[in-house]
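Here are some notes for a colleague who is meeting this structure for the first time. Please keep the sequence and the model open while reading.

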Amino acid sequence: MSKKIKEIPYGVSDYGKIRAKNKYFVDKTRFIHLLEKHEYVFFIRPRRFGKSLWLSVLECYYDINLKDRFDFFFKGTQIWQNPTPEKNAYFILRFDFSAVNSDINKVEESFENYCSRVIQYFLLEYDYAFDKKFSKEIDRCSSVAEKIDAVFMYAKKHNLKIYMLIDEYDNFANTILSTTGKEAYHKLTHGEGFFRHFFSKLKSATAMRESGLARLFITGVSPVTMDDVTSGFNIGTNISMRPSFNGMTGFTDNEV
């Protein structure tokens, strides 16, 4: 009787679904040890390199709510045999900016609405750590940037460790640049643009002593937008060109 061949999870970026359905995947968990040497990380690769799937792996590994499912997610992997002390130790706040409408007339409203929903879900997911009074205070904040700031300050005060994951950080910005032009893009990423203001909050959080933002991982396809919204990526470490991380996404010849 021939051995059943595992299915290839084409287009699937949910690590939990891959494990639940026992689909084929290449174990990249050895890179978690390397990654933990850096607190705030920026990593760019072309599309279809597995960036979203890698964020899903990190989410499953670090989410404090998933500590009882560690064996389900990672049994048989390298990290299961040699886990780090930080496994399942964080509150995960994950954004995917490809969900934001890139229409220049709708982008700000879409960004605010999407991020507000993510923050609302985050507070519900970890409701045991955030009191109801704080949730009401968040609702009164005038912008997503202010909500993010409030969450980080609360986390700092209550000694909560947040791991923020941002996928496709430059998705709608690149679309605006290519379809609407430099002027609209400049307004988005310079001066008082809402997108720049959002990243200014991340920058201030990374500079804060014992910040509630304990770790940050940002992915995208280009460094251009990050340079524009932060005046150069000075809120963390750009590992994109480091040889030690070359195999973290995509496939090597041996893996293929």
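The points below concern a predicted model and go from the sheet to the helices around it.

1. The sheet is open and has 5 strands in the order 2-3-4-1-5, with parallel pairing. Strand 2 (91-96) and strand 5 (237-238) stand at its edges, and because each has a single partner strand, one side of each is left without a neighbour in the sheet.

2. Within this sheet, strand 3 (residues 162-167) pairs with strand 4 (residues 213-220) in the parallel sense, over 5 bridges, and I166 stands opposite I218 in strand 4. Helix 3 (residues 51-62) packs on the sheet, where it touches strand 2, strand 3 and strand 4, and its direction makes about 165 degrees with that of strand 3.

3. Helix 11 (residues 194-207) lies across strand 1 (40-44), strand 3 and strand 4, and it runs at about 140 degrees to strand 4.

4. N174 belongs to helix 9 (residues 171-179), and it counts as buried because its relative accessibility is 19%, the cut-off being under 20%. Once its neighbours within four places in sequence are left aside, N174 is in contact with V221 and T225.

5. In helix 10 (residues 182-189), the buried residues are A184, Y185, L188 and T189; they cover an arc of only 120 degrees around the axis, and therefore lie on the same side of helix 10. These buried residues pack against helix 9, helix 11 and helix 12 (224-230), whereas K182, E183 and K187 are exposed on the other side of helix 10. Just after helix 10 comes G191, which takes a positive phi of about 60 degrees.

Terms used:
Residues numbered from 1 in each chain as written. Predicted model: local features only at pLDDT ≥ 70, side-chain atom pairs only at ≥ 80, totals over all residues. Heavy atoms only, no water. Pairing = 2+ DSSP bridges. Helix = DSSP H or I, 4+ residues; strand = E, 2+ residues; numbered from the N terminus. Contact = heavy atoms within 4.5 Å. Axes fitted to C-alpha atoms, helices over the stretch in contact; angles between N-to-C directions. Buried < 20%, exposed > 50% of the residue type's maximum accessible area, 1.4 Å probe, protein only. Arc of directions from axis to C-beta.
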